Amino acid sequence: MTNNIPTSAVSSKPTSNSARASMPKHSHSGGSGAAPANQADSHFGRKGLVQIALLGLLLLLPVAAYFFGHLYYVNLASRITIIAMAAVGLNLAIGYGGMVSFGHAAYFGLGGYVAGISAYHAFDFTPFMTWPISIPGSDSLLVVWLAAALLCALLALAIGAISLRTTGVYFIMITLAFAQMIYYFANSWPTYGGEDGLPIYIRNSLPLVDTTNALTYFLICFGGLVMAMAVTSRLMKSRFGAALTMARLNDVRLATAGVSPYPVRLVAFVISAAITGLAGALYADLNGFVSPSVLSWHFSGELMVIVILGGVGRLYGPLAGAILFVMMETFLGGITQYWQLFLGLVLLGVVLFAKHGIMGWLAGRERNE
Amino acid sequence: MSVTLLIEQILNGVQLGTMLFLMASGLTLVFGVMGLINLAHGSFYMVGAYATAAVTASTGSFLMGLAAGMTAAALVGALVELLVIRRLYHRPHLDQVLATFALILIFSEGTRWIFGSSPMRLSPPSWLTGFVTLPGDTRYPLYRLMLIGVGIVISIALYFLISKTRLGMRIRAGESDREMIGALGVNISKLYTVVFALGAALAGLAGALVGALQSVQVGMGEPVLILAFVVIVIGGIGSIKGALLGALLVGLVDTLGRVYLPIFFRAFMPPSEASGVGAALAAMLIYILMAVILAFKPKGLFAAHD
Amino acid sequence: MSDSVLSLQNLHKRFGALQATNDVSLDLKRGEIHALIGPNGAGKSTLIGQIAGNIRPDEGHVYLADTEITGMSIAQRARLGLGRSFQVSSLAEPLSVMRNVMMGVQALQSHSFRFWRPVASDQRLLEPAYEALERMQLSHRAWTPVFELSHGERRQVEVACALALKPRALLLDEPMAGLGPEGSAKLTELLEALKLEVPILLIEHDMEAVFRLADRISVLVSGSVIAHGDSEAIKQDPLVREAYLGDSDA
């Protein structure tokens with residue numbers, strides 16, 4: 001028998017009893033069946049609108065700013081975009097995977113240092129290493145991206161393999177400790193600037209494209225963000241995403257269903273780190289500088305703050321959170337040097353009273369992927 | 001000379017360990033009894049140091065300052081518990097981390113606002129300066145020796161408090177069974193406030209004592225906080241015994257690593273490189289230690305419970 | 001031994017001074033319901049843990065069909081065809097019934113490291129899951145989130161989740177717990193129909209259901225099997241009456 005079964009496995013609250021009643025009792029009806037009515041959900045329209053507005057404004061405002069000659073705002077938008085991308089990575093771990101990593105600065109920073117070190121050797125014409133294989137520096141964006149993503153994935157594989165043996169507070173603390181380890185390493189390793197950081201004299205390039213142009217660079221970053229979000233979205237709808245969701249909600253159920261939670265979490269952790277690492281490489285190039293401060297636990301905390309402010313486990317949450325965070329930092333920071341006091345108050349308010357973040361507030365509370 | 005150095009460094013390690021224990025005992029108590037992970041513990045350390053510096057400066061008495069520092073930290077701790085922390089007990093760890101991270105931002109910036117960015121002056125009183133000659137001809141600063149003494153006294157006092165007093169009995173009951181203690185008619189919210197304030201007072205004491213040795217400034221609590229977390233994770237979260245052992249272990253490994261690793265690498269490397277490699281590795285050493293311990297014992301050495 | 005779908009051989013498990021499982025041997029044959037009963041603290045949970053894979057026995061072996069599964073993980077056992085339900089419902093509450101059931105189908109088909117194709121439109125996952133739900137007469141609730149279900153319906157979903165694995169054996173841990181007489185009767189009926197396809201090891205407190213359903217009964221007391229036989233034999237067994245039913249005049 002070839003049943004056609006309603007095609008949406010996502011749990012959704014049918015809007016009305018009639019929608020529920022229209023579902024087939026048995027699937028012998030043959031036809032396409034009645035899909036659950038989540039598309040008709042009134043939130044969907046509002047959510048979609050908010051999402052398009054966020055992404056649209058992020059794209060259009062910098063373009064407009066560029067043509068009016070305000071390069072500062074173009075770079076600000078690049079900054080928002082990159083931070084959002086880093087948070088998209090972290091959101092995959094925290095929001096979708098339930099793994100509260102307090103050490104994602106490690107990947108952001110490693111990505112940055114890959115860009116920085118690579119540029120350093122490309123500028124110097126010295127090899128990064130000569131043994132066992134010779135690796136020269138590079139100023140090609142694609143090479144640097146690939147290297148940043150791969151190295152972050154490897155680092156996350158090692159860190160995740162140990163950390164995911166623990167749960168709860170231990171996981172939070174051990175991811176923090178590993179990040180601190182790398183922070184102190186970068187701080188005390190003199191070759192690449194130690195605590196003074198490493199300036200980047202040449203921006204990585206792409207064939208046919210002038211990456212030193214602020215708008216071009218913004219568009220590259222924007223492309224990266226959209227890619228990261230698209231990958232996350234697609235991933236979470238796949239079999240892997242189904243397993244990861246189950247691992248977050250109930251890992252005993254997942255194991256009982258025949259899927260070991262550990263490797264699923266580990267792979268998600270690795271992908272999450274690779275995305276955050278790519279963002280780190282972009283960030284270093286944007287600033288022309290990388291220093292241990294991007295590896296600090298404060299930055300890990302800020303990334304978590306962004307994810308939570310935006311709305312944890314929501315595709316557009318990191319973007320909304322990054323916009324709010326960078327705006328507060330820029331504009332509130334312009335008014336008072338104590339702006340973090342207000343950030344603290346806002347964050348406290350969100351955690352205590354608005355659990356669903358900005359996206360929950362703007363687009364309605366629904367989090368079900 | 002090298003024996004003298006070794007003795008001196010071991011004492012330094014123990015001194016760091018005792019101060020870490022003051023921080024870690026509060027953290028681990030709060031986690032053990034209330035199930036709360038508190039990043040803002042470093043803020044109490046800072047509050048204690050600032051209050052001590054301010055009162056010492058105005059009264060001229062270091063002891064008055066210390067008393068004021070502990071009191072201020074305890075009061076601030078109690079206030080924070082009443083206003084914020086008690087809303088977090090039944091929340092996921094993620095919420096606790098973020099809310100207490102927010103508290104750090106508020107405390108740090110608030111302190112900067114009130115006291116300014118430049119460090120405050122606080123130094124040990126004259127009767128605690130100078131050196132003591134120990135057996136083996138080691139000259140060791142009196143003040144640091146006093147810190148070790150304070151650490152020992154506090155450890156013993158905590159031991160008695162927890163194993164012999166009524167409050168301690170309630171704390172132990174709270175650790176093993178949170179529901180039961182409510183059923184016994186103990187006023188839990190008062191107990192929680194008291195435990196939290198006690199932890200804050202110990203952190204404030206540590207901040208004041210170390211502040212006189214180093215400097216009193218915004219953000220001073222953060223490196224110590226992270227070390228204290230390493231301590232309680234190594235020791236097993238919720239275990240006071242684990243916190244004591246973990247604190248001494250971390251204090252010794254960190255101190256000795258910083259001195260001896262560069263020396264060790266100098267044996268087979270050019271000196272300039274050796275000090276770089278040695279310093280880098282030494283800075284990572286306790287985190288490596290923690291990773292190794294957790295890889296074998298995912299719940300620390302003396303796991304009390306989840 | 002090929003007749004046994006699940007067999008436990010001389011299992012021992014000790015926690016400190018407590019001998020939680022003491023030389024337990026059991027088997028489950030095709031087409032039967034084998035009930036395991038025993039008073040609280042008899043060591044039933046520990047025994048289930050050793051079958052399901054969350055507790056390692058100190059000694060002894062567990063076989064599923066002819067494969068030894070003693071050292072395998074929970075997930076490996078599940079993929080080999082050991083379906084189980086829990087005493088306390090353990091479904092993913094916010095997800096739909098379908099999503100809960102589909103996970104087993106997914107595990108059976110291949111590894112879960114498939115990143116691209118959406119599950120929501122994947123008939124290879126949906127159809128078998130739907131079938132499993134129909135067998136539990138729950139297909140009309142396929143798209144309802146679990147938290148909206150009644151207690152009895154959750155029990156049925158748990159069994160459907162296990163069925164999605166196309167199991168060789170089912171391990172049901174107190175499926176009747178907390179059900180009213182109506183729900184209990186319905187589940188009894190469903191299990192009776194099911195046993196012809198999948199043999200069931202049933203751990204149950206509800207004696208009425210046990211005596212009605214079970215082909216064989218084993219009685220566990222203080223970690224040991226003290227009696228074994230069909231309903232009548234167990235009802236008459238003096239040891240059981242004394243130890244389990246607290247019947248002192250036996």
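This is a predicted model: local features need pLDDT of at least 70, side-chain atom pairs count only at pLDDT 80 or more; totals for chains, interfaces and linings use all residues.
View 1. The centres of domain 1 of chain C and domain 2 of chain C, taken over C-alpha atoms, are separated by 26 Å. In the domain assignment, domain 1 of chain C is made up of residues 1-81 together with 168-250, while domain 2 of chain C covers residues 93-166.

**View 2. The contact between domain 1 and domain 2 of chain C.** Domain 1 of chain C contributes 11 residues to this contact, and domain 2 of chain C contributes 12 residues. On the side of domain 1 of chain C that touches domain 2 of chain C, helix 2 and helix 6 (181-194) of chain C are the elements that give two or more residues. Helix 6 of chain C provides the largest share of that side, namely four residues. By class, the residues on the side of domain 1 of chain C that touches domain 2 of chain C are six nonpolar, three polar and two charged.

**View 3. The fold of chain C.** Chain C contains nine helices and 10 strands. The radius of gyration of chain C is 18 Å, close to the 18 Å that the globule rule gives for 250 residues, so chain C is as compact as a globular protein of that length. Taken along the principal axes, the box filled by the C-alpha atoms of chain C is roughly 60 × 40 × 35 Å. How many of the 250 residues of chain C, as a percentage, count as buried? The value for chain C is 49%. Of the contacts in chain C between residues at least 6 apart in sequence, 66% join residues at least 24 apart. The average pLDDT of chain C is 88, and 96% of the residues of chain C score at least 70.

**View 4. The contact between chain C and chain A.** Two pairs of chains are in contact, and chains A and C share the most contacts. In this pair, 41 residues of chain C are in contact with 37 residues of chain A. Three helices of chain C, helix 2 (74-80), helix 3 (97-109) and helix 4 (123-135), each supply at least two residues of the side of chain C that touches chain A. Which of these helices gives the largest share of the side of chain C that touches chain A? Helix 3 of chain C does, with eight residues. Sorted by class, the side of chain C that touches chain A has 24 nonpolar, 10 polar and seven charged residues.

**View 5. The contact between chain A and chain B.** Here 38 residues of chain A are in contact with 38 residues of chain B. On the side of chain A that touches chain B, the elements that give two or more residues are helix 6 (168-188), helix 11 (297-310) and helix 13 (339-353) of chain A. The most is given by helix 6 of chain A, with 15 residues. The side of chain A that touches chain B divides into 29 nonpolar, eight polar and one charged residues.

**View 6. The fold of chain B.** Chain B has 11 helices and two strands. Along the sequence, the elements of chain B follow the pattern α-α-α-α-β-β-α-α-α-α-α-α-α. The radius of gyration of chain B is 20 Å, close to the 19 Å that the globule rule gives for 306 residues, so chain B is as compact as a globular protein of that length. The C-alpha trace of chain B spans about 65 × 50 × 35 Å along its principal axes. Of the 306 residues of chain B, 52% count as buried. Among contacts in chain B with a separation of 6 or more, 75% are between residues 24 or more positions apart.

View 7. An unreviewed UniProt entry carries the annotation "transmembrane region" for residues 20-41, 61-85, 97-115, 142-162, 191-213, 225-253 and 274-296 of chain B. In the model, residues 191-213 of chain B are 100% helix and 0% strand, with end C-alpha atoms 34 Å apart. Residues 274-296 of chain B are likewise 100% helix and 0% strand, and the end C-alpha atoms of this span lie 31 Å apart.

**View 8. Chains B and C within the complex.** No contact joins chain B and chain C, and the closest C-alpha atoms of these chains lie 17 Å apart. For the complex, the predictor gives an ipTM of 0.89 and a pTM of 0.89.

Conventions
Residues are numbered from 1 along each chain as its sequence is written. Chains are lettered from A and ligands numbered from 1 in the order in which they are written. The radius of gyration is taken over C-alpha atoms; the globule rule is 2.2 Å times the number of residues to the power 0.38. A residue is buried if 20 or more other C-beta atoms lie within 10 Å of its own, exposed if 12 or fewer, and partly exposed in between; C-beta atoms are placed from the backbone. Two residues are in contact if their C-beta atoms, placed from the backbone, lie within 7 Å. Ala, Val, Leu, Ile, Met, Phe, Trp, Tyr, Cys and Pro count as nonpolar, Asp, Glu, Lys and Arg as charged, and the others, Gly among them, as polar. pLDDT is the predictor's confidence in each residue, from 0 to 100. UniProt positions are given in the numbering used here, feature names are shortened, and annotations may be inferred rather than shown by experiment. Domain bounds come from an automatic or database domain assignment.
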